[in-house]
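Let's take a walk through this one together.

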Amino acid sequence: MHTAFAVLLLHAIDATEASTVVEDFRKNGYAIVQNFASAAEVAAMKTAMQEKTDAYWAERSDPTVFRTDAGQEAAQARSRKFFESADRVEFFEEAEGAALNKAGHALHLGDDAFGRYATSQKVRTLLRDLGYERPVLPQSMYIFKAPLHGGAVTSHQDATFLRTDPDQTVVGLWLALDDATPENGCVWARAGSHREPLRRVFVRDRDRGEANATMVFVRTPPGRFYFSERLGGPPANARAVVEAPWEGADMTPEAAQLHGFAPLPARAGDLVLLAGTLDHLSFPNTSPQQRHTFQLHVVESAGTAWHAANWLQTDRVGGFLPLGVEEGEL
């Protein structure tokens, strides 16, 4: 790792002053990069999204609910807006319709603050330092987590939704645009759980044709799919089958702590890195403070295939947006 960049990436989550982001990421499955985005970048993204949301509410039609609680499978199962959002930006509302849940999933393709950040040199450099050779960007999203409305996100692994073969390679770049606290819904994670196998996948069921496709959760063979060893996953001789019966279920903070979860508070501008098989969640925003985030999900394209059954499929010429020195395609 470049010395200057290593100094930039130092943080203090469950580690010593001298530990690096890469070391923590490989050890815990998560890491926090403090002040990764400047105050100006954060402000520009929030301003750009305010313009988009003003336009959405002014022209609102065919509102679509997006759920991240135990009822998410039924909510997203037949949503064409959800299916077709890989190459454009769609808005999704909270279940009660009083607030927005998120905007996605192609904000990174815009010629604005989101696109500039997503393709910035610091993002590319960070991915290279994490071990990515030809990273590509399938998905970006803006999560609103509105005051007193932002719902829970149940325990999950990001690779469930963004699977690659033969190994899991997705990494989440979770940028806090507001201070994220336990009260307004910061991320909670189980340290070291990124070494556990992928337990389920969210796939397109095309049995009745693409026009009638639905989304379903499917259990994976026990102990079959793991996070890439090259990126911090377990070596072949240390892989174990680990069950997580709480996955996808509603849970209290007290129960989460008993299962080994801990909150990861972050300041506006901090970046939380999340390995694709890391077990993580967030609780409802019960505070009067919003918790906006901009999230990128990146995968490796070198020696890796994007799974044909993934819910998200692009029609973009050239495939997903490359973020490495060499342009990869999936």
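Start at Asp112, which sits in the loop between strand S3 (100–105) and helix H6 (113–118). Helices here are DSSP runs of H or I with at least four residues, strands are runs of E with at least two, and both are numbered from the N terminus. Before going on, keep in mind that this is a predicted model: local features need pLDDT of at least 70, side-chain atom pairs count only at pLDDT 80 or more, and totals for chains, interfaces and linings use all residues. Residues are numbered from 1 along each chain as its sequence is written, and side-chain values use heavy atoms, with hydrogens and water left out.

Is Asp112 buried or exposed? Its relative accessible area is 16%, so Asp112 is buried (buried is under 20%, exposed over 50%, partly exposed in between, with a 1.4 Å probe and protein chains only). Leaving aside residues up to four places away in sequence, Asp112 touches Lys52 and Leu107, a contact being heavy atoms within 4.5 Å. With Lys52 there is also a side-chain to side-chain polar contact of 3.5 Å. That term covers a pair of N or O atoms within 3.5 Å; within protein, one must be able to donate a hydrogen and the other to accept it, and residues adjacent in sequence count only if both atoms are side-chain atoms.

Now hop over to Thr20, in the loop between helix H1 (3–8) and helix H2 (21–28). Thr20 is buried, because its relative accessible area is 16%. A polar atom of the Thr20 side chain lies 3.2 Å from the backbone nitrogen of Glu23. Thr20 and Ala31 are 11 residues apart in sequence, and their C-alpha atoms are 8.8 Å apart in space.

Zooming out, the protein chain has eight helices and 16 strands. Of its 330 residues, 57% are buried. Take the contacts between residues at least 6 apart in sequence: 78% of them join residues at least 24 apart.
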